[in-house]
Amino acid sequence: MKDINIAAVLLRERKEKGITQDELAQYIGVSKASVSKWETGTSFPDIAFLPQLASYFDISIDELLGY
């Protein structure tokens, strides 16, 4: 089974879009600290946020997870 690589994908997509962690956090409705933890791999986004994140970055959920 492939490892979930959402941290690197989130970081890359956010930087490509030119937004801050705070801006992404406000869009999703979480704290900036949550986004930071997602990007460092300390924690994962709640499964309910995956469709919203994928849609925001215009990628599939599989791409978001690094598959």
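Tutor: A residue is called buried at under 20% relative accessible area, exposed at over 50%, and partly exposed in between, using a 1.4 Å probe and protein chains only. Helices are DSSP runs (H or I, at least four residues), numbered from the N terminus. This is a predicted model, in which local features need pLDDT of at least 70, side-chain atom pairs count only at pLDDT 80 or more, and totals for chains, interfaces and linings use all residues. Residues are numbered from 1 along each chain as its sequence is written, and side-chain values use heavy atoms, with hydrogens and water left out.

Student: Which residues of helix H3 are buried?

Tutor: In H3, which spans residues 32–40, the buried residues are Val35, Trp38 and Glu39. They lie on the same side of H3, because they cover an arc of only 95 degrees around the axis; the arc is taken from the directions from the helix axis to the C-beta atoms.

Student: Against which helices do the buried residues of H3 pack?

Tutor: Contact means heavy atoms within 4.5 Å. The partners of these H3 residues are helix H1 (6–17), helix H2 (21–28) and helix H4 (50–57). Just after H3, Gly41 has a positive phi of about 80 degrees.

Student: Where does Tyr67 lie, and is Tyr67 buried or partly exposed?

Tutor: Tyr67 belongs to the segment after helix H5 (61–64). With a relative accessible area of 41%, Tyr67 is partly exposed.

Notes: Helices (H or I, at least four residues) and strands (E, at least two) are DSSP runs, numbered from the N terminus.
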